[in-house]
Amino acid sequence: MHTTRETPIEISKKEFKKVGYQLIDKIAEFLETVSEGPVTAGKTPKQLQELLGTSKLPEDGTSTEALMAKTTELLLNHSLFNGHPKFLGYITSSPAPIGVLADLLAASVNPNVGAQILSPIATEIEKQTVKWLAEFIGVSSDYSGLLVSGGNMANFTGFLAGRNAKAPKNIKEDGLFGSDKLRIYCSKTTHTWVEKAAILFGLGSKSIQWISTNGKNKMDNNVLAKSIEKDMMAGFKPIMVIGTAGDVSTGVVDNLDGIAEICKKHKLWFHIDGAYGAPAAVIPSLKHHFKGMQEADSIALDPHKWLYSPLEAGCTLVKNPQHLVDTFSSHPEYYNFSKNSDEVQTTNFYEYGLQNSRGFRALKVWLALQQVGRSGYEKMIQQDIHLSELFFELAEKHPELEAVSQNLSITTLRYLP
Ligand SMILES: *Cc1c(COP(=O)(O)O)cnc(C)c1O
């Protein structure tokens, strides 16, 4: 006899369609008209708490339709819209509309992209997304990796792979206790993730050697080379250099080629933080800035910035993906996923990064890359850069402004009343 279990979480097909269509109508209207209102209503946390009220955890359920209608209004009226054309505060981009639909679809299927057996097609789509992102920024198709939640996690993942590859070989068994001689190198302009990484992953903040910048705000590679040599003489163990491809405050790209050479000479891990700037490598006239990127052992980029993906989407690319497996894979007995044979090569992403169960972040990136195409992205990124250049020119002409710098899509200026 066929029986169905009735559960309070169920929504009938009829109701799902009704509420779903209402939601889609609201979202379509919102996307069309977001620019007409303010960037944010700017309510205080206290005002917002009053809106939500102080009722206790609901004992009984509420109608889906009423809940969704109320919540849609709440979000559409009391958010800060980073998709608003006047949102200039941070690098978080407007969400690609196809990414909005992608997240709905991904949540509906709900594949667990930690293991291929649990996410047959999603795993293949993520692998293709990673390949396309490598192609996008112009590095070899040997690079592989995975999608993560954002730039910090993408950098952490590369950092951990580098730490595992270059720290003493017994690090997995003995940990880092006593390895207080490890050193990593980056410019003073490096994003704050690096301090978090040094602290969280056991090296300590003193392991970071902050290298000064030259007149162009790039890491001074002469100082870098000298600093590494001096540390080696003093008994330290340099393991990694971090270059930035698009500094988040000025858009400057380090001399990556020069860093690559130094890393090669001393057998150091070369990590590039391209969270913001790496997608600009798609612009032919900017390619020369990114020379040396193809030498990196690991690269972090952030599709939720310059590829306009909705949050969250970061990506780590590693030149030799075996380093990710060496770092992150472990095999408890109840993990019975790896059934690699000659015919069946499976990819289990839990072995490539920090997460175990993983959502299907790749879908929104994969879809946007196809909807827009390389040429479409080239056009949008070029336009962003043109706007920044125009901003710089206008600031130069303005009597009360001093235009200071312009790189990639970032213009800096000073107000001189
Ligand atoms: C934004 C950014 C990060 C951090 O990325 P999140 O996605 O915010 O975690 C790291 N490095 C650079 C250069 C960035 O621009």
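Predicted model: local features only at pLDDT ≥ 70, side-chain atom pairs only at ≥ 80, totals over all residues.
**Entry 1**

I started with Asp-257, which is partly exposed, with a relative accessible area of 27%. Why does Asp-257 count as partly exposed? Its relative accessible area of 27% falls between the 20% under which a residue is called buried and the 50% over which a residue is called exposed. Next I looked for a partner and found Lys-291, which forms a salt bridge with Asp-257; the closest N and O atoms are 2.8 Å apart. This pair links distant parts of the chain, 34 residues apart. I found Asp-257 in helix 10 (residues 256-266), while Lys-291 sits in the loop between strand 5 (269-273) and strand 6 (298-301). I also checked the cover on Lys-291, and this residue is exposed, with a relative accessible area of 51%.

**Entry 1: salt bridges inside helices**

How many salt bridges are there? The count comes to 13. I picked out two more to look at up close.

One joins the side chains of Lys-46 and Glu-50, at 3.4 Å from N to O. Both residues belong to helix 2 (residues 45-52), and they are 4 residues apart, which is about one turn of the helix. I checked the surface too: Lys-46 and Glu-50 are both exposed.

The other joins the side chains of Glu-124 and Lys-127, at 3.3 Å from N to O. Why are these two about one helical turn apart? I worked it out from their spacing: they are 3 residues apart in helix 5 (residues 120-137), so about one turn separates them. Glu-124 is partly exposed at 33% relative accessibility, and Lys-127 is partly exposed at 28%.

I then went to helix 1, which covers residues 13-33. Which residues gather in a patch of negative charge on the surface? I listed Asp-25, Glu-29, Glu-32 and Glu-36. I followed up on Glu-32, which lies in helix 1. Glu-32 has 65% relative accessibility, so this residue counts as exposed.

There is a nonpolar patch on the surface as well, formed by Ile-24, Leu-101 and Leu-104. Together they have about 260 Å² of accessible area. Ile-24 lies in helix 1 too, and at 35% relative accessibility this residue is partly exposed.

While in helix 1 I also stopped at Lys-18. Lys-18 is partly exposed, with a relative accessible area of 44%.

**Entry 2: domains, and one more distance**

I looked up the domains and wrote down three entries. The assignment gives domain 1 as 29-50 + 62-89, domain 2 as 104-331 + 343-367, and domain 3 as 377-415. How far apart are the C-alpha centres of domain 1 and domain 3? They lie 29 Å apart.

I also checked Leu-80, found in the loop between helix 3 (64-77) and helix 4 (97-109). Leu-80 has a relative accessible area of 47%, so this residue is partly exposed. From Leu-80 to Lys-131 the C-alpha atoms are separated by 33 Å, and the two residues are 51 apart along the chain.

Most residues other than glycine have a negative phi, and most peptide bonds are trans. Here is what I found that goes the other way.

Asn-110 has a positive phi, near 55 degrees, and is not a glycine. I placed Asn-110 in the loop between helix 4 and helix 5. At 59% relative accessibility, Asn-110 counts as exposed.

Lys-267 also has a positive phi, of about 55 degrees, without being a glycine. I placed Lys-267 in the loop between helix 10 and strand 5. Lys-267 is exposed, with a relative accessible area of 65%.

Which peptide bond did I note as cis? The bond from Leu-311 to Glu-312 is cis, with omega near 0 degrees. I found Glu-312 in the loop between strand 6 and strand 7 (314-318).

How values were computed
Residues numbered from 1 in each chain as written. Heavy atoms only, no water. Domains from an automatic or database assignment. Patch = residues over 30% accessible without salt bridge, like charges linked within 9 Å, V, L, I, M, F, W, Y side chains within 5 Å. Areas by Shrake-Rupley, 256 points an atom, 1.4 Å probe, with all protein chains shown as cover. Salt bridge = Lys/Arg side-chain N within 4 Å of Asp/Glu carboxyl O. Lys, Arg positive; Asp, Glu negative; His and termini not counted. Charge placed at Lys NZ, Arg CZ, Asp CG, Glu CD. Buried < 20%, exposed > 50% of the residue type's maximum accessible area, 1.4 Å probe, protein only.
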